[in-house]
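Me: I've got the sequence and the model open. Let's go through it together, one feature at a time.

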Amino acid sequence: MNEIKMVDLKGQYLKIKEEVDREIQEVINTTAFINGKVVKEFQSNLEQYMGEGVHATTCGNGTDALQIALMALGLEPGDEVIVPAFTYVASAEVIALLGLTPVMVDVDENTFNISIDEMKKALSEKTRAIIPVHLFGQSADMEPILKFAKEHNLYVVEDNAQAIGAYYTFSDGRRMKTGTMGTIGCTSFFPSKNLGCFGDGGAIFCRDEKLAERIHMIANHGQKVKYHHTVIGCNSRLDSIQAAVLKVKLKHLDEYCKARYEAAQYYTTELKGLESIVTPYEAGYSTHVYHQYTLKVNNGRRDELKEYLATKGIPSMIYYPLALQEQEAFKEITKSCGRLESSKECARSVLSIPMHTELTKETMDYVIESIRNWTK
């Protein structure tokens, strides 16, 4: 058996090598390395993919996307932004960078996404926005989040870095892609993402044309016309070579999501019911694109399983080993709503096993057999 990888980017590349190489060579031939024609082409294709009426602005990375989104909303230092306590640091980091106050709330123990009840408890007179994170590839429960935000005049900034391609279904049957439901949506094109480039990249989505124009200006030094700076901005752009890669991979994104989902269903079928192992929960309101396949390992045995898998040549990752309120950087600057016990428990028990578009049945069977043997 070949080496088992958490993510097989090389195998994915080899299947589209000819087209990717051709697009990259075209960028080199034109030497339009920054804001070349391919950037605009990819941006247009991305808007079409995300849905009618969606405006997209590409940028340097997913963290920049979140920061630019908050900058575009005109929040003031001291304003509070609600964010789940169990997520990647970027979701809260950008809040603090702008002098805003991160308000940590607990997550649902099943979906790992923001708890609706805990979100409501976090409301204060200083609350201005909510950042729901669509963690591991499944949408947060957006209908009650949007309803709550509307009732209290709050902005909603979706962190869609791990769930691009997923759909949310409203109670009236409407379906919308994650990243297109809130005031602004943000995503990352980090190489291991479901839609990943060969370096760093990101994008920001919204449906309001004037807001989209402001976002675009902020990402481009605050200028609409060159050397005429309307607002304070930053320098965050997707370079042409990354856009060339993404232009090709976007055409395969639904296929990639399908491959991940099918692999996840096989894992779940074969691992369900094992002692100490809880397989991922799929909420009825969301499709799941499985950026990660994340188990919960009960009885304090997570690290034991991780070490065992390593002896079998099977990589695994802990996303994330500390809830945000326990991170040193946030202890003095954040507000916590409640005890955040579910977030702490997730941090103690989660373990992600190999998940990517190139997984073979042979590889999955070996992973499954190893986990079964460990539980005996």
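**Pocket, rings and backbone**

Me: What pLDDT do side-chain atom pairs need to count?
Reply: Residues are numbered from 1 along each chain as its sequence is written, and side-chain values use heavy atoms, leaving out hydrogens and water. The model is predicted, with totals for chains, interfaces and linings using all residues, local features needing pLDDT of at least 70, and side-chain atom pairs counting only at pLDDT 80 or more.

Me: Which elements give two or more residues to the lining of the largest pocket?
Reply: The largest pocket is lined by 27 residues, with Tyr88, Gln162, Ser188, Phe190 and Lys193 nearest its centre. The elements giving two or more (DSSP runs numbered from the N terminus: helices H or I, at least four residues; strands E, at least two) are helix H4 (62-72), helix H5 (90-97) and strand S8 (184-188).

Me: Why does the pair of Phe86 and Phe136 have the class it has, and which class is that?
Reply: The structure holds 13 aromatic pairs, meaning Phe, Tyr or Trp (six-membered) rings with centres within 6.5 Å; planes under 30 degrees apart are stacked, over 60 edge-to-face, the rest tilted. The centres of Phe86 and Phe136 are 6.5 Å apart and their planes stand at 75 degrees, so this pair is edge-to-face.

Me: How many residues apart are Phe86 and Phe136?
Reply: Phe86 sits in the loop between strand S2 (80-84) and H5, and Phe136 in the loop between strand S4 (127-130) and helix H7 (142-151). Phe86 counts as buried at 1% relative accessibility, and so does Phe136 at 2% (under 20% is buried, over 50% exposed, in between partly exposed, 1.4 Å probe, protein chains only).

Me: What is omega for the cis peptide bond at Tyr320?
Reply: Ring pairs link Tyr320 into a cluster with Phe86, Tyr88, Phe112, Phe136 and Tyr319. Tyr320 lies in the loop between helix H11 (302-311) and strand S14 (335-336). The cis bond joins Tyr319 and Tyr320, with omega at about 15 degrees.

Me: Is Asn153 buried or exposed?
Reply: Phi of Asn153 is near 55 degrees, a positive value in a residue other than glycine. Asn153 is in the loop between H7 and strand S5 (155-159). Its relative accessible area is 70%, so Asn153 counts as exposed.

Me: What is phi of His221?
Reply: His221 is in the loop between helix H8 (209-219) and strand S10 (223-225). His221 is partly exposed, at 35% relative accessible area. Its phi is positive, in a residue other than glycine, and near 60 degrees.

Methods:
On a 1 Å grid over the protein atoms alone, a cavity is a set of points where a 1.4 Å probe fits but cannot get out, and a pocket is an open set with protein on both sides within 12 Å along at least five of seven lines; lining residues have an atom within 4 Å of a point.
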